[in-house]
Amino acid sequence: MFIIIRGGGDIASGIALRLYRSGMDIVICEVPSPTSIRRTVCFSEAIRLGETTVEGITARRAELEGIPELLEQGIIPVLTDPDARCVPLLEPDAVVDAILAKRNLGTTLDMAPVVIAAGPGFTAGIDCDAVVETMRGHYLGRVIYDGAALPNTAVPGLIGGYAGERVLRAPTDGIFQGALEIGCQAAAGEVAGTVNGAPMRCTIGGTLRGLLADGVPVTAGMKCGDVDPRCEPDHCRYVSDKALAVGGGVLEAILHFSRDLRDFA
């Protein structure tokens, strides 16, 4: 099967891993300047670096004409295509909206034989065939075939006893510049980055699990980093339990709808 995923952040990359390892061909559509935080596990980094590898799977920045060769090599093509204009040209078996914008940015039910969306902002049967829950808790990864995901609470999930304290936010509008490296042990009060010279400090100590790339324009309050109080540097090299749970839900949904559309024998 051939799947197009809108978005290349950490949740979208967890979805891509699940589908890729299940034998599906994947193409990712991203924005020209990705704002991914957990960059060590985001295929969106291929836009910035040209190529990136997550858990042994490689993705490469590509143009439309280069997609067949990359898929043949087992490489995930990543296109600069925020509006997914490639969809009618490539005619995928399924489209997955994993942008996680908390609202629909243009995904429609008629884009492909199967359309799946992750998180709030979508209603199964109207915007897509199914929605996969992204909120941590009892329903994480559950496929919703009728209705919508839980509404956005704007409160990060609880990890290691901390929720909102984990998130590092831009102190002002401007251009972000990192001061630490992903994977390092950061102390409470330490400057993790700056925006136009204004410091962005860690509010708790732990492993710096994610940090925005240098040079990205930000607005005050925008998420720019993530401190993990569990202090496990290895977590920076692997997609999260949340991303894998959502990926499993997407896999279920695609197979559920596709069994009536394809012969898998």
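1. In this predicted model, helices α1 (residues 10–21) and α5 (residues 241–258) pack with their axes 7 Å apart and at an angle of about 50°. Angles between 35 and 65 degrees fall in the oblique class, so α1 is oblique to α5. The crossing of α1 past α5 is right-handed.

2. On the α1 side, the contact is made by D10, I11, G14, I15, R18 and L19. The residues contributed by α5 are K242, A243, L244, V246, G247, G248, V250, L251 and I254. By class, the residues of this α1–α5 contact comprise nine nonpolar, three polar and three charged.

3. The sheet is open and mixed in its pairing, with nine strands ordered β3-β4-β5-β2-β1-β6-β7-β9-β10. Its edges are β3 (51–54) and β10 (143–144); each has a single partner strand, so one side of each lacks a neighbour in the sheet.

4. Within the sheet, β4 (residues 57–61) and β5 (residues 76–80) are paired in the parallel sense, over three bridges. In this pairing R61 is opposite V78 of β5.

5. Both helices also meet the sheet. Helix α1 lies across β1 (2–6), β2 (25–30), β3, β4, β5 and β6 (94–97), and it runs at about 175° to β1. Helix α5 packs on the sheet as well, where it touches β1, β6, β7 (114–118), β9 (130–132) and β10. The direction of α5 makes about 160° with that of β7.

Terms used: Residues are numbered from 1 along each chain as its sequence is written. This is a predicted model: local features need pLDDT of at least 70, side-chain atom pairs count only at pLDDT 80 or more; totals for chains, interfaces and linings use all residues. Side-chain values use heavy atoms; hydrogens and water are left out. Axes are lines fitted to C-alpha atoms, for helices over the stretch in contact, and angles run from 0 to 180 degrees between N-to-C directions. Helices (H or I, at least four residues) and strands (E, at least two) are DSSP runs, numbered from the N terminus. Angles under 35 degrees count as roughly parallel, over 145 as roughly antiparallel, 65 to 115 as roughly perpendicular and the rest as oblique. A crossing is left-handed if the near helix is turned anticlockwise from the far one by less than a right angle, and right-handed if clockwise. Contact means heavy atoms within 4.5 Å. Ala, Val, Leu, Ile, Met, Phe, Trp, Tyr, Cys and Pro count as nonpolar, Asp, Glu, Lys and Arg as charged, and the others, Gly among them, as polar. Two strands pair if DSSP finds at least two bridges between them.
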